[in-house]
Amino acid sequence: MAEIKLHPSWLEPLRGEFDSQYMADLRSFLVEEKARGKRIFPAGSEWFRALDLTPLDQVRVVILGQDPYHGPGQAHGLCFSVKPGVRTPPSLVNIFKEMESDLGITPARHGFLEHWAKQGVLLLNAVLTVEMGLAASHQGRGWEKFTDAIVRQVNAKEEPVVFLLWGSHAQRKAAAVDSIERGGRHLVLKAPHPSPLSAHNGFFGCRHFSKANAFLESRGLPPIDWALPALG
């Protein structure tokens, strides 16, 4: 497996996962795939990019995706995000449309979301690698157990966190979160996935961005600046 590159705040909480048998099996699978000439996205140095940019103690919002984009040059370790210069994917276009409707933010001309991650928005995919051109090709290989452990660590935080759960996959993955509705401390907001296939079924109009900020401010926490800066 690639060199583990993530913020130190995650290392101790996840040490048991890195030392587990399922992670050893996943490591072997990825090494074998590369040895067979398979192209795997994102680059190995970016598999844990979400955990590198967003320290555990700074997580204020969680957005859950499924698996990385499988086209060349797209994925870089943050769900829904693409590298600078890459065309904004349809789901992210719809996310920007909802932000504009909700907050009046003019859509960015790029889809590079590191600005969010650096403010405490954990942009986590359920599966952290994919084979080029084959969506969901690394599902069921162990990544789901690892990312479940990440969700558990965030859920255990004493500080309140907002979970933005778009689509049934994300909602199942965070089903055990201690939400306010269940007497817990975290705000869980649910909506359909922003995909063009489902965005008109309730994602548009969900106002999750303003609701997230209102909750954070009500708890004495700074809001997220959702407006993406122009890339130089």
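Reader: Why is Glu131 called buried in this structure?

Author: In this predicted model, local features need pLDDT of at least 70 and side-chain atom pairs count only at pLDDT 80 or more, while totals for chains, interfaces and linings use all residues. Residues are numbered from 1 along each chain as its sequence is written, and side-chain values use heavy atoms, with hydrogens and water left out. Glu131 has a relative accessible area of 14%, and buried means under 20%, exposed over 50% and partly exposed in between, with a 1.4 Å probe and protein chains only; Glu131 is therefore buried.

Reader: What makes the pair of Lys38 and Glu131 a salt bridge?

Author: The closest N and O atoms of Lys38 and Glu131 are 3.7 Å apart, and a salt bridge requires a side-chain nitrogen of Lys or Arg within 4 Å of a carboxyl oxygen of Asp or Glu, so the pair qualifies. Lys38 lies in the loop between helix H3 (21–35) and S1, and Glu131 in strand S4, so the bridge ties together parts that are 93 residues apart in sequence; helices (H or I, at least four residues) and strands (E, at least two) are DSSP runs, numbered from the N terminus. Lys38 itself, at 24%, is partly exposed. Through shared partners, salt bridges join Glu33, Arg36, Lys38 and Glu131 into one network.

Reader: How do you know that Glu33 and Arg36 form a salt bridge, and is each of them buried or exposed?

Author: Their closest N and O atoms are 2.9 Å apart, which meets the cut-off already given. Glu33, with 6% relative accessibility, counts as buried, whereas Arg36, with 60%, counts as exposed.

Reader: How many salt bridges are found, and which residue does Arg15 pair with?

Author: A search of the whole structure finds 11, among them the one between Arg15 and Glu12, whose closest N and O atoms are 2.9 Å apart. Arg15 is partly exposed at 41%, and Glu12 is exposed at 55%.

Reader: What makes the peptide bond from Phe41 to Pro42 and the phi values of Ala136 and Arg207 worth a remark?

Author: Most residues other than glycine have a negative phi, and most peptide bonds are trans. The bond from Phe41 to Pro42 is cis, with omega near -10 degrees, and Pro42 is found in the loop between strand S1 (40–41) and helix H4 (49–53). Ala136, in the loop between strand S4 (130–131) and helix H7 (143–155), has a positive phi near 65 degrees and is partly exposed at 31%. Arg207 has a positive phi as well, near 55 degrees; its place is in the loop between strand S6 (187–191) and helix H9 (208–218), and at 43% Arg207 is partly exposed.

Reader: Why is Ser179 counted as buried, and which residues is it in contact with?

Author: Its relative accessibility is 5%, so Ser179 counts as buried. Leaving aside neighbours within four places in sequence, Ser179 is in contact (heavy atoms within 4.5 Å) with Gly184, Arg185, His186 and Val188.

Reader: What makes the largest set of 67 residues a nonpolar core?

Author: The term denotes buried Ala, Val, Leu, Ile, Met, Phe, Trp, Tyr and Cys residues joined through side-chain atoms within 4.5 Å, and the largest such core has 67 residues, with Ile63, Trp116, Phe146 and Trp226 having the most contacts inside it. H7 gives this core its largest share, 6 residues. Not counting residues up to four places away in sequence, Trp226 touches residues including Ile63, Trp116, Leu164 and Phe209.
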